[in-house]
Structures are given as C-alpha cells and as structure tokens.
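Have the model open while you go through them.

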Amino acid sequence: MKKNITVLRGDGIGPEIVNEAIKVLDKIAEKFGHEFVYTDVLMGGCSIDEYGVPITDDGIEKCKSSDSVLLGAVGGPKWDNVDPSIRPEKALLKVRKELNLFANLRPTKLFPQLADASPLKPTVVENGIDLLIVRELTGGIYFGSRRTEEIDGQLVATDEMTYSEAEIERIGRVAFETALKRDKRLASVDKANVLDSSRLWRKVVEEVAKDYPEVTYEHMLVDNCAMQLVKDPAQFDVVLTENMFGDILSDEASQITGSIGMLASASLGDGTGPGLYEPIHGSAPDIAGQDKANPLATILSCAMLLRYDFGMNEEANAIETAVERVLDAGWRTGDIAGNGADLEAVKAAGKLVGTKRMGDLVIEML
Ligand code: NAD
C-alpha cells in the first residue's frame, strides 16, 4: 500500500522522537512492502517563529488531505508568554476541530518489565494494568459557552457543559466497537447523580449497549472511578467517558504505570478522514536536544496509526512485539531505568541508552 502521512514534529523533544518513529515506519514499509510518503508541517512554537501562528491554514489542509497525521509534541517556555490566541496548544485544538477528531483513545498498559515504575503497591499491580480510555474530545465543558460577569458587586464565572444525544451516541459506538476488539468489558463513567448531561449520557449509552450484547458493561460514577483506578486497576478494560472527566482520569491512569515515555494515543474521527497519533507526554524542554528522550511512546503511536488508519494489524503487532522484546532484553532510556540500585544495575549492564539507540534497537528487533 502507498500512504501519505503528515508529520508534525513540533517543539522540544518532538523532532527527536518523531525521527525515531519514522525510522521504524520505514522499516515496516520495507519489511511488509508498503510505501509511506511523509509531508512535514510546522506546528506549535516552531510555526509561531516562522509564520506568527501555531499552524497555518495550508498546514491544516495538508493534514486533511493526508491518510494519517503523526505528531511529536508542541510548546515550551519560549512561547509561554505569547498572546493566548496563538499559543502552541491552540494548534492542537484547531487540528482536532478541523479533522473532526471526536474520539481520543488512550491505552494505559503497565509493561510487566517496568512494574517497579508504578507508584502503586506490587499487590495492586500484580494482576496487571491494561486498560483503554475512550474520551469524548470535541464536546462538553471545554467547548461550552463561558463568561465572567459582575453580579451584585462580585465577579461570577460560568462554564456550560452541553452534550447532545448524537455526540454521546457516536463516542459510545466507538467505545463499544473498541471493547469488541479487546476483552469485551466496558465501564461508562459519568456523574449521573448530579448532572443532567450525565443522566442523558447514561440513557444514550444504555441504548447503544443494546446493539452490543457481547459486551459486559456497567455505569460508574466518576469519583468512584478515580478511586477504583488506584485501588484495583485490573478491573478495567475499556473506560468510556466525556471530555473533562476523560482528561483527568486519563492523566491519573497514565501515572499509575509510572512511565509517561511509554504511552501512546490516537484521536479519531468518523473514519472518513485521517486520525491524529501522538505520545501522551509533552515536549519535555528540560531534556530536548540531549538524546535522552524515550521515543517508545511515539513508536507505539505509530502502531496505533497503522492499525486504526491503515488497517495494518500485522504491522502494528510487529511494532508492539519489537518494543516488548527491547524491554525484555533490558534496554532502558533514563526515564524507565529506575533509580538508585536499579539504575546502577542498568548502567553496569551497559543497557542505558539514548533516543537514537532506542529507535535502532526497535528496528533490530523488527
Ligand atoms: P512533559 O510531558 O513535557 O514533561 C514532564 C516530565 O516528563 C519532564 O521531566 C520530561 O523530561 C519527562 N518526559 C516527558 N516525555 C518524556 C520522554 N519521552 N522521555 C523521557 N522523559 C520524558 O510535560 P510538561 O513539562 O508539563 O510540559 C512541557 C511542555 O509541553 C509545555 O509547553 C506543555 O504545554 C507542552 N505539552 C504539550 C503536549 C502536546 O504537545 N500534546 C502535551 C502536554 C504538554
């Protein structure tokens, strides 16, 4: 197959980790007989410096007309004080909106080789952590109307949280479809004891569930879900939730694996256009340009890209297996090498590696 991929390297460690991901994609192309054509588009601080905006209209068009979009990370201290209307994150929101990416899929997996990195007790993680959060991405309180006004001599701020039946149904279907391809268990998370939007959420999810009798599902209140994630994460397979709850729960879930440099994500639309694939971490300006960043989250994002945008399951599995093998063989970047005696042992074994070497190791395993 020949596929066009728009590449948004971004800022900080973005270009370094994307370079390694592209090396891996090229290896996959060679091994499986595909051709991937890359088009670079500036996004984030680098685009502000070049064009005065975090992404140009031409850049958006290039994303829209490609088969898939791969992103590193954007932002950094240099652009912290630019006008809020052109901040680097604005580009991210614009790409999501223009590509109609309403579903954010975040797999959260504790690699058994890195179990020590979890801040949870061994007795809690011994059953494994392998869950996937499906977060609604273009509705809810982040996109509702907001205002700050003076009422009776004091400022009053309002943010509105709105969901329509159609918005809930389309994300619900993505989650149930995803559950069908996994362990067929789904928890729909809301705050139906208080919020109207959550009561509608629950009603629509009930309807969608009727089309997926193979999937065992439950409703869970968001406060309980936040507790259960640290108490017994193994109980979760797919977690479906709205935009703000998903923002918070997915960060909590990522922390329980202890390895931010390992976690990938996909943002998907209705299947008629490209998805956006990126690591969940930011541009890590503290280690940028030092060959220290872990490229595995971006490489695993490429596995999602191949699976969801190109239907290349075998190729995606090959990348995931190669990453597992690299970890099995004891290779570590600094962020996953542990501390104290663990770190010293990795160093003594000569297995502490930088960004480029980690990319090369995945290619060797492929
Ligand atoms: P961050 O994720 O960039 O970094 C947090 C910590 O994790 C740092 O110590 C960093 O060195 C480390 N880290 C992150 N990724 C790593 C990797 N691949 N390998 C090794 N270590 C890694 O979060 P932050 O410091 O809060 O944000 C830095 C910048 O990134 C900010 O400008 C922020 O706005 C931006 N950001 C961008 C995105 C995105 O592009 N989607 C997401 C989050 C933050």
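1. The second largest pocket holds about 560 Å³ of space. A pocket here is an open set of points on a 1 Å grid over the protein atoms alone, with protein on both sides within 12 Å along at least five of seven lines. Grid points are joined across faces, edges and corners, and a volume is the space filled by probe spheres set on the points. This is a predicted model, where local features need pLDDT of at least 70 and side-chain atom pairs count only at pLDDT 80 or more, while totals for chains, interfaces and linings use all residues. Residues are numbered from 1 along each chain as its sequence is written, and side-chain values use heavy atoms, with hydrogens and water left out.

2. What lines that second largest pocket? There are 27 lining residues (those with an atom within 4 Å of a point), and Leu92, Arg96, Arg106, Arg135 and Ile280 lie nearest the centre. Two or more residues each come from β3 (68-73), α4 (88-98), β4, α9 (243-257) and β12 (276-279). Helices (H or I, at least four residues) and strands (E, at least two) are DSSP runs, numbered from the N terminus. Helix α9 gives the most to this lining, with five residues. By class, the lining of the second largest pocket splits into 11 nonpolar, eight polar and eight charged residues. For the classes, Ala, Val, Leu, Ile, Met, Phe, Trp, Tyr, Cys and Pro count as nonpolar, Asp, Glu, Lys and Arg as charged, and the others, Gly among them, as polar.

3. On to the largest pocket, with about 910 Å³ of space. Its lining has 38 residues, and Leu132, Arg182, Met304, Arg307 and Tyr308 are the closest to the centre. The elements supplying at least two residues each are β4 (103-109), β5 (130-136), α6 (165-180), β11 (264-268), α10 (296-310) and α11 (313-328). Here α10 gives the most, with five residues. The class count for the largest pocket is 17 nonpolar, eight polar and 13 charged.

4. How many cavities of 30 Å³ or more are there? The count comes to one; a cavity is a set of points where a 1.4 Å probe fits but cannot get out. The space in the largest cavity is about 30 Å³. Around this cavity sit Tyr163, Val189, Asp190, Ser197, Ser198, Trp201, Glu242 and Phe245. Both β8 (185-190) and α7 (196-209) supply at least two of the lining residues, and α7 gives the most, with three. The cavity lining has four nonpolar, two polar and two charged residues.

5. The side chains of Asp190 and Arg202 meet in a salt bridge, 2.8 Å from N to O. That pair links distant parts of the chain, with Asp190 in strand β8 and Arg202 in helix α7, 12 residues apart. Is Asp190 buried or exposed? Asp190 is buried, at a relative accessible area of 1%, while Arg202 is partly exposed at 26%. The cut-offs are under 20% relative accessible area for buried, over 50% for exposed, and in between for partly exposed (1.4 Å probe, protein chains only).

6. The structure holds 29 salt bridges, each one a side-chain nitrogen of Lys or Arg within 4 Å of a carboxyl oxygen of Asp or Glu. Lys78 and Asp49 form one of them, with the closest N and O atoms 2.7 Å apart. Lys78 is in the loop between β3 and α4 and Asp49 in helix α2, so the pair ties together parts that are 29 residues apart in sequence. Lys78 counts as exposed at 60% relative accessibility; Asp49, at 44%, is partly exposed.

7. Arg87 and Asp80 also form a salt bridge, with their closest N and O atoms 3.9 Å apart. Arg87 is partly exposed at 23% relative accessibility, and Asp80 is partly exposed at 41%.
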